[in-house]
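Open the model in a viewer and keep the selection tool at hand. The stops below go from one selection to the next.

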Amino acid sequence: MSRFRWFKSKLAQIRADLPRYGLYEIWVRFCLNRVRFFLRVYEVASRPIPNDEPSEASRIQSVTRRLSDDEVRALVKEMPKHYTQAFVDDALARGDICLGAFMQANHDSDEEKLVAFTWRSYSTAPDVDGMWVRVRHHYRYGYKAFTLPEYRGLRVINASASDEYDLSLGKTATIAYVERNNLASLRQRRRKGRPVLGYIIILKLFGRRHIWHSRRVREAGFELYESPTDMY
């Protein structure tokens, strides 16, 4: 792509995003994208359980429920690109659970088809690039969500399906983080009024990562940390 065509496409993107995000947010994204190789900024937010936000209805009929241990282990054979036996065994040993969204395979059968799933952690969970997440106190953390391509955007997962179980463990709030240049996700959070707890900054210099957590994030017991090896 020529420089002129590249500039033209970027300008078209800015014009489309300006009414949605505003000039300041677009400028922040531009700056962070330029330094993303060695500097990343994440926004940490939370919401209570049960969720009192206006719900976004699924666009297709599905049922979300907790998968049994046998169903979770079957994911290794069904989706070998996403799961290893070590991942599943370690997740279950940590007490993590997996929620799955099911649909009828066809109109003439009661057979269920698993179309999406997401994991819940109450302690530690693997992230990307050898990083891990740690949650403490009364929080739960969702990770490693996946939806079959043909069902993406249809909101097939009911995120509140594990609320009763979470509350039985004393977990009364969810906690999550989003990279600061992901304007679409940040806008959705802010539209729903989710309180921002603070920020995490990761600076990579000379092959080493230096991680800072803001005060309220530390007080919440939420942490990004580096694992010695990338196991998954």
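This is a predicted model. Select helix α6, residues 183-191: the helix lies across β1 and β8 (173-179) and runs at about 145 degrees to β8.

Next, show the strands. Eight of them form an open sheet with mixed pairing, in the order β2-β3-β4-β7-β8-β1-β9-β10. At the edges are β2 (63-66) and β10 (208-213), each of which pairs on one side only. Neighbouring strands in this sheet are turned by 30 degrees against each other on average, direction ignored.

Within the sheet, select β1 (residues 39-48) and β9 (residues 196-205), an antiparallel pair with seven bridges. Leu 39 has Leu 203 in β9 as its bridge partner. Then move to helix α4 (residues 85-94), which packs on the sheet and touches β4 (112-121) and β7 (139-147). The direction of α4 makes about 155 degrees with that of β7.

Now turn to side chains; the structure holds 12 salt bridges. Select Arg 36 and Glu 179, which meet at 2.9 Å, N to O. Arg 36 is in the loop between α2 (23-34) and β1 and Glu 179 is in β8, so the pair ties together parts 143 residues apart in sequence. Arg 36 is partly exposed at 32% relative accessible area, whereas Glu 179 is buried at 15%.

Select Asp 166 and Arg 140 next: their closest N and O atoms are 2.3 Å apart in a salt bridge. This pair links helix α5 (residues 163-168), which holds Asp 166, to strand β7, which holds Arg 140. Are the two residues buried or exposed? Both Asp 166 and Arg 140 are buried.

Note on methods: Residues numbered from 1 in each chain as written. Predicted model: local features only at pLDDT ≥ 70, side-chain atom pairs only at ≥ 80, totals over all residues. Heavy atoms only, no water. Pairing = 2+ DSSP bridges. Helix = DSSP H or I, 4+ residues; strand = E, 2+ residues; numbered from the N terminus. Axes fitted to C-alpha atoms, helices over the stretch in contact; angles between N-to-C directions. Contact = heavy atoms within 4.5 Å. Salt bridge = Lys/Arg side-chain N within 4 Å of Asp/Glu carboxyl O. Buried < 20%, exposed > 50% of the residue type's maximum accessible area, 1.4 Å probe, protein only.
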